[in-house]
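This report is for a reader meeting the structure for the first time. Please look over the sequence and the model before reading on.

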Amino acid sequence: MEIKKLQLKNFRNYLSEDIFFSKNVSIIYGENAQGKTNIIEALYLLSTGKSFRTNNTNELIRHGESFFSICLELEENNYPQTIEIRYEKGNGKKLFINEIKKDRMSDILGVAPSVLFSPESLTCIKGSPGERRKLIDIVLCQISKKYLHNLQNYNKIVKNKNMLLKQIQANKQHKHQLDVWTESQAKTGSVIIEQRKLFIDSIEKRIKRLMLGISDGKENVDIRYKSFYEDGKDIYQYLLNTMIENTEKEIEYGISLYGPHRDEMEISLNNKNSRLYCSQGQQRSLALALNIAIMEEIEQNTGRKPVLLLDDVMSELDENRRNFLYEIIEKTQTVITTTERMQFVEIDDNRKIKHIHIKEGTAEYDTII
Ligand SMILES: Nc1ncnc2c1ncn2[C@@H]1O[C@H](COP(=O)(O)OP(=O)(O)OP(=O)(O)O)[C@@H](O)[C@H]1O
Ligand SMILES: [Mg+2]
């Protein structure tokens, strides 16, 4: 998969602008607040259906306007494809793939897979369990439609069950009405846990190898799926039994307390919980390795190589980690943002690089290839 061109209309500080990408490395450079990250945000939105900066789609519309549209042209096995999102205030996002309107936003997943690495990526190491859970879900949804459907289903079940638990707590409903929800929660939830565990086993192998490379063999990583569930047991039966045994407790709290919506992945470095004991540098290395592992995983499972989006991270990496990243960039279509116009002496063939200067929402090209 190769991204070719991004059209922006009334998106953030862009009025109407086309951005053309190199099939190798595109370096988007310019001063602060000119619109560099806005380009990464549009690409990410066209890849996942979501912004990584806001849940409020209105914020994405250029001030004073009433709609935005963004369109990505890409090529897959020599076939051109387009993904377009249009949004009008008050009307919800509309998705078009190859100019055909899609009913569900989730149809966008997997068409133009991407992996984003930004200063905020450290939250996948330092942040709350919810952040890591979200990351696993975003990746698995890009990889597997089955996972996506199960997750959507599961979230609905938990929402309904929570409502019912509160009603039972207030004596407005009978306890036995829970049975049907508990049963379907165990069914759907166990499939989600199984898929997550397989994913984490596979990611762990990759990160172990990558971290040894980044840290000259000093750092050993372990990743574990952390759950109320005990390894070796039948997941469905165990989840069902746990919920049945704890029915009173769930009614008392008024929320569902067991299942994949409460689980997380625990990352340890040299046998210590990375969330609590990692140095800044170790966190950066881990976040980098995790993202690269995710790229490999997406490519292996979908046959599509994700685009690597690097927002403002080059200057934060030391020489060792930067060299490591160069090796990846050489093999992957990459979009980089930076305030300083960067030269890649490491990537010897300069024709592979496109420099795009962004100033107040307009793009100028240093070299046209
Ligand atoms: N809805 C909007 N309408 C108009 N302008 C907007 C909107 N949302 C954001 N902006 C403007 O976009 C600019 C920020 O763009 P962006 O975050 O891409 O900057 P950047 O080039 O990445 O800067 P930095 O180097 O500081 O990261 C700001 O000037 C901001 O005011
Ligand atoms: Mg920025």
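The model is a predicted one.

## Met342

Met342 lies in a loop, with strand S13 (334–338) on one side and strand S14 (353–359) on the other. Its relative accessibility is 14%. Buried means under 20% relative accessible area, so Met342 counts as buried.

Not counting residues up to four places away in sequence, Met342 touches Ile27, Met314, Ile336 and His355. Between Met342 and Lys126 there are 216 residues in sequence and 29 Å in space, taken from C-alpha to C-alpha.

## Two domains

The domain assignment of the chain gives two domains. Domain 1 is made of two pieces, 1–113 and 304–369, and domain 2 covers 120–280.

The C-alpha centres of domain 1 and domain 2 are 31 Å apart. Across the boundary, 11 residues of domain 1 are in contact with 10 residues of domain 2.

## Ser114

Strand S8 (residues 114–117) holds Ser114. The relative accessible area of Ser114 is 6%, so this residue is buried.

The side chain of Ser114 makes a polar contact of 3.0 Å with the side chain of Ser47. With neighbours within four places in sequence left aside, the residues in contact with Ser114 are Tyr44, Ser47, Gln142, Ile298, Pro306, Val307 and Leu309.

## The surroundings of ligand 1

Ligand 1 is surrounded by 17 residues, and the closest are Ala33, Lys36, Thr37, Asn38 and Ile61. By type, the shell around ligand 1 holds two nonpolar, eight polar and seven charged residues.

Several oxygen-to-protein distances can be given. A backbone N or O atom of Gln34 is 3.1 Å from an oxygen atom of ligand 1, and a polar backbone atom of Gly35 is 3.0 Å from an oxygen atom of the ligand. For Arg53 the side chain is involved: one of its N or O atoms lies 3.1 Å from an oxygen atom of ligand 1. On its own, ligand 1 has 650 Å² of accessible area, of which the protein covers 74%.

Ala33 is in the loop between strand S3 (25–29) and helix H1 (36–48). With the ligand left out of the count and only protein chains as cover, Ala33 has 80% relative accessibility and therefore counts as exposed.

Asn77 also has a positive phi, near 50°, and is a residue other than glycine. The loop that holds Asn77 runs between strand S4 (67–76) and strand S5 (79–88). Is Asn77 buried or exposed? At 62% relative accessibility, Asn77 counts as exposed, because exposed means over 50%.

## Helix H6 and what covers it

Helix H6 spans residues 235–245, and its buried residues are Ile235, Tyr238, Leu239, Leu240, Thr242 and Met243. Among the elements that cover these buried residues are helix H4 (145–169), helix H5 (178–214) and helix H7 (247–253).

The N-terminal end of H6 is capped by Asp234. A side-chain oxygen of Asp234 lies 3.3 Å from the backbone nitrogen of Tyr236.

Ile251 belongs to helix H7, which is one of the helices covering the buried residues of H6. Ile251 counts as buried, because its relative accessibility is 9%. Neighbours within four places in sequence aside, Ile251 is in contact with Leu165, Ile168, Gln169, Lys175 and Leu178. Ile251 and Gln167 are 84 residues apart in sequence, while their C-alpha atoms are 9.0 Å apart in space.

Ser268 is in strand S10 (residues 264–269). The relative accessibility of Ser268 is 14%, so Ser268 counts as buried. Residues up to four places away in sequence not counted, Ser268 touches Asn220, Val221, Asp222, Asn273 and Ser274.

Conventions:
Residues are numbered from 1 along each chain as its sequence is written. Chains are lettered from A and ligands numbered from 1 in the order in which they are written. This is a predicted model: local features need pLDDT of at least 70, side-chain atom pairs count only at pLDDT 80 or more; totals for chains, interfaces and linings use all residues. Side-chain values use heavy atoms; hydrogens and water are left out. Buried means under 20% relative accessible area, exposed over 50%, partly exposed in between (1.4 Å probe, protein chains only). Helices (H or I, at least four residues) and strands (E, at least two) are DSSP runs, numbered from the N terminus. Contact means heavy atoms within 4.5 Å. A polar contact is a pair of N or O atoms within 3.5 Å; within protein, one must be able to donate a hydrogen and the other to accept it, and residues adjacent in sequence count only if both atoms are side-chain atoms. A residue is near a molecule or strand if one of its heavy atoms lies within 4 Å of it. Accessible areas come from the Shrake-Rupley method with a 1.4 Å probe; for residues, only the protein chains shown count as cover. Ala, Val, Leu, Ile, Met, Phe, Trp, Tyr, Cys and Pro count as nonpolar, Asp, Glu, Lys and Arg as charged, and the others, Gly among them, as polar. Domain bounds come from an automatic or database domain assignment.
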